[in-house]
Amino acid sequence: MNASPGGPATATRPPSPESAAPERLRGRAGLRSREAWTGRPAVLVAGTVLSVLVSAWCVAAGTADAGLLDVWRAVRLRVFGGVLTEDFAQTYAIIINLRLPRVLLAFAAGAALSLAGVVMQGLLRNPLVSPFTLGVSPAAAFGAGLAILFSGGSAGSGSWLVIGSALGTALAVSALVLGLASAKAMSTATLLLLGIALTQLFEAGTAALQFVADENTLQAIVRWTFGSVNDADWNDVLLVGALTLAALPLLLWFSRDLNAIAFAGDDAARSLGVNVTAVRVGLIVVSVVLAAVVVSFCGVIGFVGLVGPHIARLAIGANHRYLLPFSFLTGGLLLVIADTVGRTVLAPSVIPVGIVVAFIGAPVFINLVLTRRAAQ
């Protein structure tokens, strides 16, 4: 930021945390900082390679006799064409029609929830914030359940009625929560308590919908309360995947603004030329859309938006230029592994992925709460 002695400051885009370091940090400390900076792209590349390998292994895992070479052969036939032999036809159908869309939907959903979580945590400057803890995901589930009830159970996974109802409810709740927080000048801790109250309210509302629903509609609503990718198909993968891939570069475009708000606070960010209100509202809307679309396809999956960013922050640091793409990878990988555990540990029974993630996420959340209390 440049300022003349008698005139107003001229705003520029806020510098990244590393580029704002003073000259006196040169030397050994500065060298370590530059080494950490140059090492982050390597971490991203390694994370991408690991995600591809683990996802391929998860496609191969299961009761059917299939290996990594079978996965590669099936994908090659699907993409480039070729002769499908009779002895490979069944394995091909299992991989292409069942396992691959399931793994890809789980990865896209986990990546979307993790991106939503890291953005909310940065904007509200609290690592305990996520779409689940703020009540956004339960609200979206209530909206989806309402659409299913009024359609008599005919509105299935990913229907426009379910998506619109989930999205509308989630946006309304987000506007209510953030509006109250702004009007009452709430602290983030109070905001989290409000989110917990709304979570209980919408979970009770979803339970009330189940109480008045008939048998077929009840089964459809219960699916949303568990969180599952059991019915994944290629249309689901394309919609959720395209939305998540489109959101990542958009969020990266605002990474410096997000850094300024997360590290320096609203007042300092404004002094650096950031339109804090517009950035906060816009990025919150993107986060809510990501969470609501995932809920409309997969149901309520808690803690991914909390655990994914936490793991990424430990591995690559808090700079959102790198934290956003790495959270994309960690969230997707977390949900893929959780789903694979759920469908293999008690095979042929399948544990919904939302239950498996809750077993992982609840201890991490408790650890975060205790760590923050100890730090304070």
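How far apart should the ends of helix 11 be at 1.5 Å a residue, and how far apart are its end C-alpha atoms? The 23 residues should span 33 Å, and the end C-alpha atoms are 32 Å apart, which agrees. (The expected span is 1.5 Å times one less than the number of residues.)

1. Some ground rules. This is a predicted model, where local features need pLDDT of at least 70 and side-chain atom pairs count only at pLDDT 80 or more, while totals for chains, interfaces and linings use all residues. Residues are numbered from 1 along each chain as its sequence is written, and side-chain values use heavy atoms, with hydrogens and water left out.

2. The overall picture. The protein chain has 14 helices and 2 strands; these are DSSP runs numbered from the N terminus, with helices (H or I) of at least four residues and strands (E) of at least two. Of its 376 residues, 47% count as buried. Here buried means under 20% relative accessible area, exposed over 50%, and partly exposed in between, using a 1.4 Å probe and protein chains only. Take the contacts with a separation of 6 or more: 75% of them come from residues 24 or more positions apart. Contact means heavy atoms within 4.5 Å.

3. Back to helix 11. Of its 23 residues, 17 are buried, so helix 11 is largely enclosed by the rest of the structure. Just after the helix comes Gly-299, with a positive phi of about 85°.

4. Helix 9 against helix 11. The axes of helix 9 (residues 255-264) and helix 11 (residues 276-298) come within 11 Å and cross at roughly 110°. The two are therefore roughly perpendicular to each other. Helix 9 brings Asp-257, Leu-258 and Ile-261 to the contact, and helix 11 brings Val-276, Val-279, Arg-280 and Leu-283. By type, that is 5 nonpolar, no polar and 2 charged. For the terms: axes are lines fitted to C-alpha atoms, for helices over the stretch in contact, and angles run from 0 to 180 degrees between N-to-C directions. Under 35 degrees is roughly parallel, over 145 roughly antiparallel, 65 to 115 roughly perpendicular, and the rest oblique. Ala, Val, Leu, Ile, Met, Phe, Trp, Tyr, Cys and Pro count as nonpolar, Asp, Glu, Lys and Arg as charged, and the others, Gly among them, as polar.

5. Arg-270, in helix 10. This residue belongs to helix 10 (residues 266-271) and is partly exposed, with a relative accessible area of 43%. Leaving aside neighbours within four places in sequence, Arg-270 is in contact with Val-276 and Thr-277. Val-276 also takes part in the contact between helix 9 and helix 11.

6. Helix 2, two sides. Helix 2 (residues 68-80) has 13 residues and reaches 18 Å from first C-alpha to last, close to the 18 Å expected at 1.5 Å a residue. Its buried residues are Val-71, Ala-74 and Leu-77. Seen down the axis, they fall within an arc of 130°, so they line one face of helix 2; the arc is that of the directions from the helix axis to the C-beta atoms. On the other side, Leu-69, Trp-72, Val-79 and Phe-80 are exposed. Gly-81 follows helix 2, and its phi is positive, near 80°.

7. Arg-125, worth a look. Arg-125 is not a glycine, yet it has a positive phi of about 60°. Arg-125 sits in the loop between helix 3 (89-124) and helix 4 (136-150), and counts as partly exposed at 44% relative accessibility.
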